[in-house]
Amino acid sequence: MATIHPTALVDPRAELDTDVEIGPYTIVGPHVRIGTGTRVAAHCVIEGRTTIGPHNRIYPFVSLGLPSQDKKYAGEPCELVIGARNTIREYSTYHIGTVQGGGVTRLGDDNWMMAYTHLAHDCVVGNHCIFANNAQLAGHVQVGDWVILGGFTVVHQFVRIGAHAMTAMCALLFADVPPFVMAQGQPAQARSMNFEGLRRRGFGPERIAAVKAMHKALYREGLTLPQADERIAALAQRYPAAQDDVALMRAFLAGVDPQRGIVRSRRGGEA
């Protein structure tokens, strides 16, 4: 059975799985579903069509599933879906989606979301990400797996951030950040690749060498994106262990909006 503090207001239509804990003064709306083992602390608000998976930790003053801050939103039955084993710290705000963006805002599994993080409508965040304090996503942003956003990172709407990318504190993103890239500045520029993070995740020397070669093609040889993509495609044969990494980069580049482009580098050629 769920454990609900006497001061909490939980709608009887909400679906709470076994071993769920709801803290003091928390409000849970009628369309909410919460998976087993999830702990919701005091003074949280969980509304809308919100689904929360198992074994999450939700800290005080978190707001989940409220209507999006989009003036086009007209009360349609959109959703917020949160996966498993996430940590969501104080004062974070995650909104439901909009019809125009597919209707769902989604947070994956095993993410570490620090205080005051914000997921606007229709954002999609992958797995194993770390958002430092005050990392903020505008609407329709897509974030891949293993991404780290430094504190006070601000991401413009529709921007995509590739897997294993990282931003420095106070980065301002107006363009896509390809996989593996480390970005810094206002507006953000590509500084290097996230080599230390990749090593910690088990990338061997051959895969690291392939990532270095991809960085060179994107930022050091003055190539256009199509030219860089052609150069990167050839790396799959040169570095067989990195075939999946090459495919990941090429799939990301195929989805770049020409009007937005990717973050550029202050040094060397620009992609």
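This is a predicted model: local features need pLDDT of at least 70, side-chain atom pairs count only at pLDDT 80 or more; totals for chains, interfaces and linings use all residues.
Is Phe61 buried, partly exposed or exposed? With a relative accessibility of 37%, Phe61 counts as partly exposed, because the range for that class lies between 20% and 50%.

Eight strands form an open sheet with parallel pairing, in the order S3-S6-S9-S12-S15-S18-S21-S24. Strand S3 (15-16) and strand S24 (160-161) stand at the edges and have a single partner strand each, so one side of each is left without a neighbour in the sheet. Strands of a sheet pair through backbone hydrogen bonds, in either a parallel or an antiparallel sense.

Several of these pairings can be followed residue by residue. Strand S6 (residues 33-34) pairs with S9 in the parallel sense over two bridges, and the bridge partner of Arg33 in S9 is Thr51. Strand S9 (residues 49-52) is in turn paired with strand S12 (residues 79-82), in the parallel sense and over four bridges. Here Arg49 has Glu79 as its bridge partner in S12, while Ile52 stands opposite Ile82. Four bridges also join S12 to strand S15 (residues 104-107), again in the parallel sense, and Leu80 stands opposite Thr105 in S15.

The domain assignment divides the protein chain into domain 1 (3-140) and domain 2 (197-255). The centres of domain 1 and domain 2, taken over C-alpha atoms, are separated by 35 Å.

In one of them, Phe61 and Tyr91 have ring centres 5.0 Å apart and planes at 5°, so the pair is stacked. Phe61 lies in the loop between strand S10 (57-58) and strand S11 (63-66), and Tyr91 in the loop between strand S13 (87-88) and strand S14 (93-95), so the pair ties together parts that are 30 residues apart in sequence. Tyr91, at 38% relative accessibility, counts as partly exposed. Phe180 and Phe203 form an edge-to-face pair, with 6.3 Å from centre to centre and 75° between the planes. Phe180 is in the loop between strand S26 (172-173) and strand S27 (181-185), and Phe203 is in the loop between helix H1 (195-200) and helix H2 (205-219). Phe180 is buried, at a relative accessible area of 0%, and Phe203 counts as buried at 8%. Phe61, Tyr91 and Tyr116 form one aromatic cluster.

Charged side chains also meet rings. Arg207 lies over the face of Phe203, 3.6 Å from the ring centre.

Terms used: Residues are numbered from 1 along each chain as its sequence is written. Side-chain values use heavy atoms; hydrogens and water are left out. Two strands pair if DSSP finds at least two bridges between them. Domain bounds come from an automatic or database domain assignment. Rings of Phe, Tyr and Trp (its six-membered ring) pair if their centres lie within 6.5 Å; planes under 30 degrees apart count as stacked, over 60 as edge-to-face and the rest as tilted. Buried means under 20% relative accessible area, exposed over 50%, partly exposed in between (1.4 Å probe, protein chains only). A charge sits over a ring if NZ of Lys or CZ of Arg is within 6 Å of the ring centre and within 35 degrees of the ring normal.
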